[in-house]
Each structure stands twice: as structure tokens, then as C-alpha cells.
Amino acid sequence: MSIELRNVSKHFGEVAAVNKVSFTVQDGELLALLGPSGGGKTTVLRMIAGLEMPTEGDIHIDGKRMNDVPVQKRNIGFVFQNYALFKNMSVYRNIAFGLKIKKWKKGDIDNRITELLELLELRGLDERYPHQLSGGQRQRVAIARALAPKPSVLLLDEPFGAVDAKIRQDLRDWLVKIQEELKLTTIFVTHDQEEAMEVSNRIVIFSKGNLEQIATPREVYEEPGNEFVARFIGVLNVLELDVRGGLARIGELEFPAHDRPDGSKMRIGFRPFSVAVSANPLAYRTQAILRHTFFLGVMLRLEMETPSGLILRARMTKEEYAAQGLREGMVVSTFIRKYRILRGEGEPLSGEIDTPDPTTSTFGAGI
Amino acid sequence: MPGYITRKHRDATSKSQRGTEESPFVKWILITIAALFLGVFLLLPLVNVFAQALGKGWHAYFGVLREPDTIAAIKLTLLVAAITVPLNVFFGITAAWCIAKFQFRGKSLLVTLIDLPFSVSPIVAGLIYILMFGLQGYLGPWLYAHDIKIIFAVPGIVLATVFITFPFVARELIPVMEATGREQEEAALTLGASGWQTFWHVTLPSIKWGLLYGIILCNARAMGEFGAVSVVSGHIAGVTDTMPLRVEKLYNEYNAAGAFTVASLLAVLALITLGIKTLLEWKQSREFARAQMVIPEPNEVETCFITRPADGKT
């Protein structure tokens, strides 16, 4: 089922938790609502479920306006952050709850539960009580319970927040697998950008109640809609430069700033992968000391310090690092290949600007 | 991991207790003082009540209980409790629900008001009703004109008792409901349950022990209340005398044996209440302990096993 929000706002007293938000979720899509805590993403999810009423705006599910439809009639499955399993009921009765309410026949209920226990690998746990389950099992029971009455939409609030890292990875794989199998429109809330990037088809980014961007994981990373998104997703190096004589400078670095008045400031941002690093101190015009190397699996993050004290973060593969023979404490040379001009939190960024080829620029002039 | 942490934690606690424990001598002195105090001031009088009541044998005991005025007092007490307890269960759940589940202005004032009957003297509680419904009170003349009797009649006694026993159920439920939160109820709603189905299948089971505990305490106080009831009752023998009032009346008539006989009934009620209360607390703590028990993830079993010998050494 498709879901559409049109200019939806939610005020709690004076505070606008959600501010004029509009977006559409396609049928069968897996969408992440991402943002820092207090960004309004959970409130959006709860409004779609019918657990909160929008102060203004409309919510449509499958083309029908849902504002006046109570939560019970929206045919949604909701998975709560802390599982919210019924403590006084066994796993079987937890999953059967929605089916009994909908007056399913005993035989049908048994079949459905067997099917779900199979799907979520919970076989043999049907007589257990929630307190006898591990965190990951509880989460899967909560998903099974939400799926049991065959909802048209599955909503999950920070579904993997309360379990430890290893189980969280398993649960992510689960969610993707189940969602693909059932082709169920699914929305989940998370504050973990990596989780959103890995699991979802598209990401909606919220900050302070405003929708900042809605795009595919690749787009939000490579084409961030504004400075907030650029800084929130992934690592961004940010530099504030002083403009003088058509050049913007900080420390050893300088960038063209033709039409800017002298004495003004210019801010630029660039991703670590836009920073070239060479073990040869003369390969690029800026020299730096390689202070730290962080191992992030396949990729490494490098932290360099220039003589004037600027910290630059770069990223490269283990293989390249080894091939170049880089070591911590070494003098290297570095070069920023591409950057964007930043214009403030909610403002769009400039397009990517290529720095002039280092071999043709004033080699060594800044040092 | 949780299992491991719990075990470590417990170990740390027991060690610190060992460090601050008193010497055996001080411990025994303190226990003896406490036991003596309880014996002289609580146990002895309780035994004395039964001794006095049964002093002239079982025949005299049942003779007193068969007196029409005493029977009327017992009936009235049961009636008052039968009206008061369900009313306060309803009010208590409603009030606790409001306080635990919603945010609204004046909430702290409401919490304070719930405690008012505990903080005010029962005599004052009784006088409030005289002031409201008595002949010289605000509503008195109107009630008199319409021939409705509240003061010096059963409705007044019920009102005063409801007032006095109001906090018991609400006080027990507020912490339980706050601890449970709203998520389980919201989960039931998203699964299609109506408000009533949610209350019946989800809310009630989670508050049942607290609720039962509140009901028991509320009942004990409703049957034993003296001060407030004494003010509004009018002490009409056989009509508006409850058991505590009957005890006082018999005692003032120098019928010590009679007074102790009725008092012994109230004492039995108190003992039953304490028994049920202990049972409920035991059940609750057992359920709590069960909820704390965590079955480790398959990959955690190993970790737990490795830590065991280390725990043994400490």
C-alpha cells in the first residue's frame, strides 16, 4: 500500500515536533526515517499508525484519507522500540492476540502462528514467556505479532536500538529478507545512519521537525540536499576560510573565491574520499604528518595534521595504504580533489568543484 | 551478557554488605530491643483482646455476638465496606490512570489531593460532611426539605468512609502503572483491540497484584474506620452503629467482655488482611524475580560459563 503525507504538522503545546512534512512511500518500499533524536521521526511514524493525531495536514494510505480512522482500523503492524510484548502472555498468545481480536478461527490461528514461527525462526518457543527470551528473540516475536493479522503496512520504531551489535546485524538482514518475501510497505525509524543506508530503499532525513531530504542512500551521501544532511550522513571535513584578493585561505590551503569581497568568510566541505594522500612528500602541494590511522574493516580512515595545525580526514583501502607503504607519524603530501561551498544549515550546497590539477598549480608555493 | 553482569553485581553488593556489617553483639542487642518492643506494644495487647473476649468462655462470647445491636453493627460494617470498596476501586483506577498515563496541567495538585485523606485528621473529614450536609450546613436545608437523610444515617457513614479510604487503591496503582508505561496498551490498539479489550486483556493483568493489595488495605480501613464515622453517624444503636462504634459504646457501658468480643472480630480481620498482604507481596516479588531472570543468547552461554570459576574464588 502506498502512503502519502501532505503538509503534516504536529504541535505539542507550543513546540512544533513535526513541521509541514510531505512525502510519498511507494507500494512495497522499505523506507527509513533518519535523524538525530528529537527530530520528529518517531512522531511521524506514530501519526501514520494513528497513535498521534496530526495538528494539521492529511495522511493517506492507499489513496484513502486516514486522519479520522482510528488506529484499530488502519490495518497497520507496529513494532515498538522496547518490544512492548504482553508480559503476562506466552509467545503463542502474544502472536495470537491480534488474530483473536479479529475473530479468526482456532485452526486458522494455529496455522498462521506455525507459519510465522517458521518465518522468524522461533520454532519451539511458543510456550515461553517474554521474560524467558533473549533480546533478539523478543524483537522477532514483536515482529511476528505485528505481522500476524496481515497488515498492509509495517511500521517499526527504532527496531534494533535495544539489542547488541552482533544481533543487530542479524536483525537487519532479517528485516530485509522478510520485507522482500512479503513485499510489504515498510517504514522504520532509526538514528543510525549506517543502518538506514544499509537496509532501506530510500531515506527520509529529519531535523528539528523538518524534512531535510528524501532520496536513495547513494543520493543522500553523494548529493546531499543541504548542509545538515551533508554533515549528518558520513564524515565531512569542514573548513572556514578567509577571503583576500580573490583567494580563500586557511593555513596552507587556498581555493578560488573570485567574486567575494576581501575580509569575508567562505566555508567549504569535502568528503574523506575526496582527499588524496601520497607517501611522497612532494607529490602534492600540501604537506602533512599522518597522525592516526583508524581501521574500519576494508576501509581505513587517516587523520593528518598540516604544519599550521589543520586536521584533514581521508579515506583509503587497506591495499592502497599497504602499497604506498604509509605509516603513522610519516610526512605525506595531500590534496583536496573536490569540495563544495557550504551556505548554512538548511541551505543547499554548491555543486562539486574540482580543485585545479595539482601538477599545474603553483607547486610548493604555500609551504 | 546480562546474566554475567547480574552475577557480578550481586557479588559486589554482598561484599560491600560484609564490609559494613555490625558486630554480632550489636546485632543481637538491636534484635532483642525490636522484639521486646513489638511484644509489649503489639503482640501482648492483641493476645489480651482474645483473652478478655474469651475470658468467660465460648458460650458468653457467642452470647454477645447474638445481641441484635451487635448483629446490626456487623451487618452495617459489611454493607459500608461492600459499597465503599468497589467505589474506591473504580475511583482509584481512574485516578491512577490519569496520573500515570497522561500529562496535564494540575497533575501534581491531583497527586497531592489524593493524599489529603491520609494527612487530614479523620475527625476533620467527618466535620467536613457535617458542614456540607448537616442541618446547619450548606446543603442541609435543601436536603431536609426533600426528606433526604445523609448525616446521622447510612449515606453519611458511606461518604465519610469513601473519603478516608480513597488513597489506598490509587496509591498502590500509580507506581505500578507508571512502571508499565503505555507501550503494551498501544501495541494492543495497533493489533485492533478496542479500549475495553485493551484494559481487560493488557492493563488489568499487569496491575492485578497492586490492585488486590490496594483492595485489601482499603477494605481493612473501611471496616475499622472510627473517627470520621463517629462524627457523622449519630450513634443510633442498631441503626447507625458500625463495629468500631459498637466497641466504644459497649466499653463505655462497662461491658468490657462485650467490647473485647466485638474488638476480637476486628482483630481477626486485621490478621487476615496481614496474611493476604504477605501472600501478595511474596507472589509479586516472585514474579519480579522471574522477570529479572534472563535466558542467555546461545553465543553468551560460553561467556557465562567461563566467569563462573572466577566468581567462586571471590
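## Strands in chain A

Two strands count as paired if DSSP finds at least two bridges between them. Helices (H or I, at least four residues) and strands (E, at least two) are DSSP runs, numbered from the N terminus. This is a predicted model: local features need pLDDT of at least 70, side-chain atom pairs count only at pLDDT 80 or more, and totals for chains, interfaces and linings use all residues. Residues are numbered from 1 along each chain as its sequence is written, with chains lettered from A and ligands numbered from 1 in the order in which they are written.

In chain A, strand S1 (residues 3–12) pairs antiparallel with strand S4 (residues 56–61) over 5 bridges; Glu4(A) has His60(A) in S4(A) as its bridge partner. S1(A) also runs antiparallel to strand S2 (residues 15–25) of chain A, with 7 bridges joining them, and here Leu5(A) sits opposite Phe23(A). The S1(A)–S2(A) hairpin has 2 residues between the strands, and Gly13(A) takes a positive phi near 60 degrees.

## Where the chains touch

Chain B puts 20 residues into the contact and chain A puts in 23 (contact means C-beta atoms, placed from the backbone, within 7 Å). On chain B's side, the elements giving two or more residues are H9, H10 and helix H13 (256–292). H9(B) supplies the largest share, 6 residues.

## H9 against H10

What about H9 and H10 within chain B? The contact between them uses Gln184(B), Glu185(B), Ala188(B) and Leu189(B) from H9(B), and Thr198(B), His201(B), Val202(B), Thr203(B) and Ser206(B) from H10(B).

Key:
Two residues are in contact if their C-beta atoms, placed from the backbone, lie within 7 Å.
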